[in-house]
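Take a look at the protein below. This report walks through a few of its residues and the ligand.

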Amino acid sequence: MKTLIVYSSKTGNTRKLAQALHLALSDAELCRVEMAPNPEPYDLILLGFWIENAVADEKMKHYMERLHGKKVGLFATLGAYPDSKHAAESLRATASLIPDCDIAGHFICQGAIDPELIEWMNTLPKDHGYGPTETRKKLWDDAGGHPNDEDLKAACEWAEGLVEKETV
Ligand SMILES: Cc1cc2nc3c(=O)[nH]c(=O)nc-3n(C[C@H](O)[C@H](O)[C@H](O)COP(=O)(O)O)c2cc1C
């Protein structure tokens, strides 16, 4: 089976996941979204992106316009907790961009938030949607250090399971 891993990453979190998947899936090709090839020859395409305003980031959204009738796995990092409604809705919004593709599965974990963004959010009033409440500050702290070894292991297990399922 011909597998392609395409990823988009601004600060390196999603790149870490993509590189771990590449090591785990020995036959897969790895490519940054900026250099991503024609998707046509691939049986399975794993799309890695970061969540930007509750959907895949702009570069990945652009690449997704080229995908039609493909089998796809989605993996992503985000600041919010992976079991949150926000994470589920962000994945759903992303999947809805490729309605004629078959989504074989998804994986999502936290990724450290860009310090510049945290600095800016700290300047906002607390009652602003992104303002520095105690709950949000805890979330930003918790995101730091992710993806960690446990996340990378879980992502690899997810991808191996996906490939195995598609191969039988
Ligand atoms: C402009 C911007 C918008 C973001 N929007 C969201 C968001 O809507 N939800 C969320 O949980 N995290 C959001 N984040 C956090 C990133 O998704 C997260 O830190 C991710 O791991 C970054 O991945 P990267 O290092 O691969 O670029 C945003 C970050 C930036 C810089």
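In which loop is His146 found? His146 is in the loop between α5 (134-143) and α6 (149-167). Helices (H or I, at least four residues) and strands (E, at least two) are DSSP runs, numbered from the N terminus. This is a predicted model, in which local features need pLDDT of at least 70 and side-chain atom pairs count only at pLDDT 80 or more, while totals for chains, interfaces and linings use all residues. Residues are numbered from 1 along each chain as its sequence is written, and side-chain values use heavy atoms, with hydrogens and water left out.

His146 counts as buried because its relative accessibility is 19%. Buried means under 20% relative accessible area, exposed means over 50%, and partly exposed is in between (1.4 Å probe, protein chains only). The side chain of His146 also makes a polar contact, at 2.5 Å, with the side chain of Asp151. A polar contact is a pair of N or O atoms within 3.5 Å; within protein, one must be able to donate a hydrogen and the other to accept it, and residues adjacent in sequence count only if both atoms are side-chain atoms.

Pro147 sits in the loop between α5 and α6 as well. A cis peptide bond joins His146 and Pro147, with omega at about -5°. Most peptide bonds are trans, and most residues other than glycine have a negative phi.

**Positive phi angles**

Asn53 is not a glycine, yet its phi is positive, at about 55°. Ala54 is not a glycine either, and its phi is about 70°. Asn53 lies in the loop between β3 (44-50) and α2 (58-64). Ala54 is also in the loop between β3 and α2. Is Asn53 buried or exposed? Asn53 is exposed, because its relative accessible area is 66%. Ala54 counts as partly exposed, at 32% relative accessibility.

**Around the ligand**

| Residue | Protein atom | Ligand atom | Distance |
|---|---|---|---|
| Ser9 | polar side-chain atom | oxygen | 2.6 Å |
| Thr77 | polar side-chain atom | oxygen | 2.7 Å |

The protein covers 86% of the 650 Å² of accessible area that the ligand has on its own. Accessible areas come from the Shrake-Rupley method with a 1.4 Å probe; for residues, only the protein chains shown count as cover.

There are 20 residues around the ligand, and Ser9, Lys10, Thr11, Thr14 and Ile51 come nearest. A residue is near a molecule if one of its heavy atoms lies within 4 Å of it. How many residues of each class does the shell have? The shell has eight nonpolar, 10 polar and two charged residues. α1 (13-24) and β4 (71-78) each supply at least two residues of this shell.

Thr14 is in helix α1. Thr14 counts as buried because its relative accessibility is 1%. Thr14 and Ile45 are 31 residues apart in sequence, and their C-alpha atoms are 16 Å apart in space.

Arg32 lies in strand β2 (residues 29-32). Arg32 is partly exposed, because its relative accessible area is 42%. Arg32 and Glu157 are 125 residues apart along the chain, and 22 Å separates their C-alpha atoms.

Key. Nonpolar A, V, L, I, M, F, W, Y, C, P; charged D, E, K, R; others polar.
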